[in-house]
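These are my notebook entries on one structure. I wrote down what I looked up, entry by entry.

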Amino acid sequence: MVTEVPDVVGMTMDEARSTLESRGFSVTNGAPVESDKPTNIVAAQDPSGQAAGGATITISPSNGQGTTVPADLVGKSPTEATAALRSAGFTSIDIDNSCNPPSAVVASTNPPPGTATSKTTGITVTCQ
């Protein structure tokens with residue numbers, strides 16, 4: 001019988017295990033994953049949605065090292081964008097040569113805004 005798998009992302013590992021086991025699922029711990037959630041908080045589960053009753057659900061804790069590229073960088077000055085990225089925890093920021101004119105504003109970032117990634121991921125800022 002297929003049953004709904006509770007969404008446990010955001011719960012502590014213990015809360016998630018308890019919730020899933022109370023619904024008849026087996027639980028295994030996966031490797032920590034990049035996430036901006038604190039350590040010991042579930043950052044990923046597999047499967048999600050629906051699974052056969054008694055299926056094994058893998059829950060993976062956050063490694064606490066992730067962050068998300070800020071969504072509001074486009075249109076800002078390169079200095080403002082750099083400050084926002086540093087505030088988000090990024091340590092490797094590359095400002096493209098297109099950002100040299102004093103009137104330059106941010107056109108894009110790579111990875112794009114909203115992307116969840118490691119704080120050590122290099123971020124390239126491109127201007128127009």
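Which residues does Thr67 touch, not counting residues up to four places away in sequence? I found Asp36, Ala88, Phe90, Thr115, Ala116, Thr117 and Lys119, where contact means heavy atoms within 4.5 Å.

**Basis.** I am working from a predicted model, in which local features need pLDDT of at least 70, side-chain atom pairs count only at pLDDT 80 or more, and totals for chains, interfaces and linings use all residues. Residues are numbered from 1 along each chain as its sequence is written, and side-chain values use heavy atoms, with hydrogens and water left out.

**Thr67.** I placed Thr67 in strand E6 (residues 66-68); helices (H or I, at least four residues) and strands (E, at least two) are DSSP runs, numbered from the N terminus. Thr67 has a relative accessible area of 9%, so I list Thr67 as buried. The terms are buried for under 20% relative accessible area, exposed for over 50%, and partly exposed in between (1.4 Å probe, protein chains only). A polar atom of the Thr67 side chain lies 2.7 Å from the backbone oxygen of Ala88.

**Thr117.** I then looked up Thr117, which is in strand E9 (residues 116-118). Thr117 is buried because its relative accessible area is 13%. Its side chain makes a polar contact of 2.7 Å with the side chain of Thr121. I take a polar contact as a pair of N or O atoms within 3.5 Å; within protein, one must be able to donate a hydrogen and the other to accept it, and residues adjacent in sequence count only if both atoms are side-chain atoms. Setting aside neighbours within four places in sequence, I noted Glu34, Gln65, Gly66, Thr67, Val69 and Phe90 as contacts of Thr117.

**Thr120.** Is Thr120 buried or exposed? Its relative accessibility is 60%, so Thr120 counts as exposed. I located Thr120 in the loop between E9 and E10. Its side chain and that of Ser118 are joined by a polar contact of 2.9 Å. Beyond neighbours within four places in sequence, Thr120 is in contact with Thr91 and Ser92. I also checked Thr39, which is 81 residues from Thr120 along the chain; their C-alpha atoms are 17 Å apart.

**Helix H1.** In H1 (residues 13-22) I found Met13, Ala16 and Leu20 buried. These residues cover an arc of only 65° around the axis, so they are on the same side of H1; the arc is that of the directions from the helix axis to the C-beta atoms. Asp14 and Ser22 are exposed on the other side of H1. The cover over the buried residues of H1 includes strands E1 (2-5), E2 (26-29), E3 (42-46) and E5 (56-61).

**Helix H2.** Pro78, Ala81, Thr82, Ala84 and Leu85 are buried in H2 (residues 78-87). Down the axis of H2 the buried residues fall within an arc of 165°, so they line one face of the helix. I found Thr79 and Ser87 exposed on the other side of H2. The buried residues of H2 pack against strands E7 (92-95), E8 (106-110) and E10 (122-127). Gly89 follows H2, with a positive phi near 105°.

**Sheet.** E7, E10 and E8 form an open sheet of three strands in the order E7-E10-E8, with mixed pairing; two strands pair if DSSP finds at least two bridges between them. E7 and E8 are the edge strands, each pairing on one side only. I noted an average twist of 20° from one strand to the next. E8 and E10 pair in the antiparallel sense over four bridges. The bridge partner of Thr109 is Val125, in E10. H2 lies across E7, E8 and E10 and runs at about 165° to E7. For such angles, axes are lines fitted to C-alpha atoms, for helices over the stretch in contact, and angles run from 0 to 180 degrees between N-to-C directions.

**Cores.** How many residues does the largest nonpolar core have? I recorded 13, with Val69, Leu73, Leu85, Phe90, Val106 and Val125 having the most contacts inside it. H2 and E10 each supply at least two residues of this core. A nonpolar core is a set of buried Ala, Val, Leu, Ile, Met, Phe, Trp, Tyr and Cys residues joined through side-chain atoms within 4.5 Å. Another core, of 11 residues, lies apart from the largest one, with Val5, Val27, Ala51 and Ile57 among its residues.
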